[in-house]
Amino acid sequence: MERSSDVEQRQISNEARLIRGVFRAAGLAAGTVVRGSQWAVETTYEVTKEITQAALDGESSADIAERTGNALRSIARSALGVTEGSVREIVSYVPSSNGASQQAPIGIGAPMRSASSAELRRRGDALLARSADVYFTEDVHPAYDRILDELAPDEARILRFMALNGPQPTVDVRTNRPLGIGSELVTGDLTSVPEQAGVRYPDRARTYLINLNRLGLTQVSDDPVVLSRYMVLEVQPVVEAALKKAGRAPKIVRKSLRLTEFGSDFCNTCFTIGN
């Protein structure tokens with residue numbers, strides 16, 4: 001049976017992540033720099049002005065961190081109505097004067113449970129409140145910050161390569177049957193993009209591509225690229241092995257790997273593309 005302390009800790013963590021995201025959107029940078037001065041979530045406008053003024057007055061990062069903690073308490077209690085435990089965890093996230101986060105580690109391997117309908121409703125209402133707030137500005141999609149944390153360095157190389165070079169050839173290898181009836185997929189979405197991008201761990205290429213697709217940054221399209229571009233791909237060892245496994249007269253289905261619109265905007269926002 002689940003302990004009540006475990007349930008409370010997960011509630012605290014979920015609420016804390018929400019407030020951190022809201023606070024990050026306010027433009028308050030870690031350490032001594034504060035970006036932006038016009039942000040409000042219901043009653044928090046005056047609180048944010050106070051923190052911004054502290055930075056302009058040249059106060060130390062420790063003083064600003066203390067004011068940040070007070071602001072977060074106000075946001076958590078008055079605007080979103082979260083628990084005291086969440087407030088403590090949120091404030092512990094504020095960087096100390098030496099730039100290190102004070103957040104205490106959460107137990108690894110603890111069972112997770114979906115948020116309650118009341119919590120989801122509260123979070124949804126908070127988003128709607130922010131969308132109606134004329135003082136709230138959001139320069140980039142809030143998911144970009146989280147996505148960067150979920151990318152391997154090699155995956156960043158793949159994204160940059162595709163941003164620079166556009167759609168890339170990919171193929172499926174299938175068994176050949178009369179009229180295509182009963183044809184079976186042997187290996188799908190074979191591409192040499194990771195190798196062309198210069199990844200350090202080519203043996204993880206398949207995992208990299210799966211993760212990029214999971215994050216909504218890339219997609220496989222049925223639209224092929226120029227036919228001549230498949231010549232190099234189809235003599236690669238991984239494709240030749242799949243063709244051999246497919247047996248007599250295997251069938252090759254030519255497709256393409258592309259950045260999604262979301263992925264293209266992510267690359268242009270988060271990476272320096274080109275020289």
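In which helix does alanine 241 lie? In this predicted model, alanine 241 belongs to helix H11. Its relative accessible area is 48%, so the residue is classed as partly exposed; the cut-off for exposed is over 50%. Along the chain, alanine 241 and threonine 187 are 54 residues apart. Their C-alpha atoms are separated by 9.6 Å.

The chain has 275 residues, of which 38% count as buried. Its secondary structure consists of twelve helices and four strands. Contacts were also considered by sequence separation. Among those with a separation of 6 or more, 69% join residues 24 or more positions apart.

The four strands form an open sheet. Their order is E2-E1-E4-E3, and the pairing is antiparallel. Strand E2 (185-190) and strand E3 (218-221) are the edge strands. Each of these two pairs on one side only. From one strand to the next, the twist averages 25°. Helix H11, residues 237-246, packs on this sheet. H11 touches strand E1 (168-174), E2 and E4. The direction of H11 makes about 165° with that of E2.

Strand E4 spans residues 251-259. Its pairing with E1 is antiparallel and runs over seven bridges. Within this pairing, valine 171 has arginine 254 of E4 as its bridge partner. E3 and E4 are also antiparallel, and four bridges join them. Serine 221 is bridged to serine 256 in E4. In a regular strand, side chains alternate between the two faces of the sheet.

Aspartate 189 has phi near 55°. With a relative accessible area of 31%, aspartate 189 is partly exposed. Alanine 249 has a phi of about 45°, again positive, and is not a glycine. Alanine 249 sits in the loop between H11 and E4. Its relative accessible area is 44%, so alanine 249 is partly exposed as well.

Helix H5 covers residues 117-131, a run of 15 residues. From its first C-alpha to its last, H5 reaches 21 Å. This is close to the 21 Å expected at 1.5 Å a residue. Glu119, Ala126 and Arg130 are buried in H5. Viewed down the helix axis, the buried residues of H5 fall within an arc of 35°, so they line one face of the helix. The face turned away from the buried side of H5 carries exposed residues. These are Ser117, Arg121, Leu128 and Ser131.

Helix H12 (residues 261-270) was examined in the same way. Gly263, Phe266 and Cys267 are buried in H12. Seen down the axis of H12, its buried residues fall within an arc of 95°, so they too line one face of the helix. Exposed residues Glu261 and Asn268 are carried on the face turned away from the buried side. The buried residues of H12 pack against H6, helix H7 (153-165) and E4. H12 therefore has buried residues that contact both helices and a strand of the sheet, contact meaning heavy atoms within 4.5 Å.

Aromatic contacts were then considered. The structure holds three aromatic pairs. In one of them, the rings of tyrosine 144 and phenylalanine 266 have their centres 5.2 Å apart. Their planes stand at 85°, so the pair is edge-to-face; the cut-off for this class is over 60 degrees. Tyrosine 144 lies in helix H6 (residues 143-149), and phenylalanine 266 lies in H12. The two residues are 122 residues apart, and the pair links distant parts of the chain. Tyrosine 144 and phenylalanine 266 are both buried. Both also belong to an aromatic cluster. This cluster is formed by Tyr144, Phe262, Phe266 and Phe271.

Conventions:
Residues are numbered from 1 along each chain as its sequence is written. This is a predicted model: local features need pLDDT of at least 70, side-chain atom pairs count only at pLDDT 80 or more; totals for chains, interfaces and linings use all residues. Side-chain values use heavy atoms; hydrogens and water are left out. Two strands pair if DSSP finds at least two bridges between them. Axes are lines fitted to C-alpha atoms, for helices over the stretch in contact, and angles run from 0 to 180 degrees between N-to-C directions. The expected span of a helix is 1.5 Å times one less than its number of residues. Buried means under 20% relative accessible area, exposed over 50%, partly exposed in between (1.4 Å probe, protein chains only). The arc is that of the directions from the helix axis to the C-beta atoms. Rings of Phe, Tyr and Trp (its six-membered ring) pair if their centres lie within 6.5 Å; planes under 30 degrees apart count as stacked, over 60 as edge-to-face and the rest as tilted.
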